[in-house]
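The sequence and structure are shown below.

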Amino acid sequence: MNHHHAGHSHGVSADADQRKLAIALGLILGFMAAEVAVGVLTSSLALLSDAAHMLTDAAAIGLALIAARLAQRPARGAMTYGLGRAEILSAQFNGATLLVLGLLIVYEGVRRLVEPPDVPGTPLLVVALAGIVVNLVAARVLAGAERRSLNVEGAFQHILTDLAAFIATAVAGVVILATGWVRADGIAALAVAAIMLRSAYGLLKASGRVFLEAAPVGVDVPALGRAMAAQAGVTEVHDLHVWEVTSGFPALSAHVLVGARQNCHDTRRALERLLHEEFAIEHTTLQVDHEGGDLLHIEM
């Protein structure tokens with residue numbers, strides 16, 4: 001079972017990641033509470049949409065933490081792969097919440113461009129600048145975490161989009177202060193929504209690939225099949241499947257036919273070495289048979 005020791009070798013970094021996620025979560029929750037209060041008092045959609053986005057950030061990071069914990073559990077019982085995919089589920093949920101929120105903000109933003117409420121610029125600018133600082137700190141914390149995991153990547157994407165959102169809000173604050181043009185608030189909110197929708201698409205696409213058992217990004221399956229078929233003694237490779245159990249855990253299975261005189265165990269070892277060295281796939285299941293040898297012809 002070579003996926004067991006794969007899990008524990010980065011146990012230390014996984015714990016550090018969880019600590020980083022927890023720090024980022026604390027920062028964001030604290031700031032979000034303040035932002036909602038100011039957003040409601042000043043009736044600023046840009047601030048409220050930032051806060052909504054931060055709420056999904058907090059949910060994202062909370063989920064990422066739970067998923068990272070679950071993913072560390074060893075495989076047992078019916079869960080033969082362990083709970084590694086909890087991280088992919090979490091990434092997918094993140095993508096979905098971003099999508100829904102983005103669409104809601106687009107709707108409300110367009111409505112506000114038609115009839116803008118009166119939004120004061122000063123609180124907008126102050127909160128946005130504070131938000132930029134908080135997100136920079138959170139991004140700094142998470143940048144050191146294991147970014148290979150789609151889960152941590154999802155949390156990190158949330159924080160980066162947040163940063164861009166706050167910059168848009170700060171610009172809106174400056175515009176309102178300088179010119180009194182309150183529609184800037186709605187436009188900033190639409191900019192935030194666009195950023196949210198973009199990262200939602202990325203996360204949904206990446207997690208969808210895993211759930212549809214697509215080959216991991218960066219694995220060229222035709223080339224891999226050709227490399228296997230070109231191995232000495234191999235006559236045919238079929239039923240070749242490559243998929244990703246969870247981030248950084250690719251798996252492969254294939255049926256390989258070798259020449260009648262060929263030592264099938266040597267061939268299997270050579271193929272496993274090839275897959276390990278050339279394509280970085282550790283978890284392989286290869287069924288190796290002699291061609292023509294095992295087929296019984298029953299003559300009537």
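**Helix packing and side-chain features of a predicted model**

Arginine 111 and glutamate 108 are both located in helix H4, three residues apart, which is about one turn of the helix. The structure discussed here is a predicted model.

**Charge pairing**
- A salt bridge joins the side chains of arginine 111 and glutamate 108, with an N to O distance of 3.2 Å.
- The count of salt bridges comes to four.

**Surface of H4**
- Leu99, Val100, Leu103 and Leu104 make a nonpolar surface patch of about 360 Å².
- Leucine 103, one of these residues, has its place in helix H4, which spans residues 86-114.

**H3 against H4**
- The axes of H3 and H4 cross at roughly 175° and come within 9 Å.
- Because of this angle, H3 is roughly antiparallel to H4.
- On the H3 side, the contact residues include Leu45, Ser49, Ala52, His53, Thr56 and Ala60; on the H4 side, they include Phe93, Leu98, Leu101, Ile105, Glu108 and Arg112.
- By class, the contact of H3 with H4 has 14 nonpolar, seven polar and three charged residues.

**H3 against H7**
- Helix H3 (residues 45-72) packs with helix H7 (residues 183-211) at an angle of about 20°, their axes lying 8 Å apart.
- This angle makes H3 roughly parallel to H7.
- H3 contributes Leu45, Ala46, Leu47, Ser49, Asp50 and His53 to the contact, while H7 contributes Asp185, Ala188, Ala189, Val192 and Met196.
- Seven nonpolar, two polar and two charged residues form the contact of H3 with H7.

Key:
Residues numbered from 1 in each chain as written. Predicted model: local features only at pLDDT ≥ 70, side-chain atom pairs only at ≥ 80, totals over all residues. Heavy atoms only, no water. Patch = residues over 30% accessible without salt bridge, like charges linked within 9 Å, V, L, I, M, F, W, Y side chains within 5 Å. Areas by Shrake-Rupley, 256 points an atom, 1.4 Å probe, with all protein chains shown as cover. Helix = DSSP H or I, 4+ residues; strand = E, 2+ residues; numbered from the N terminus. Axes fitted to C-alpha atoms, helices over the stretch in contact; angles between N-to-C directions. Parallel < 35°, antiparallel > 145°, perpendicular 65-115°, else oblique. Contact = heavy atoms within 4.5 Å. Nonpolar A, V, L, I, M, F, W, Y, C, P; charged D, E, K, R; others polar.
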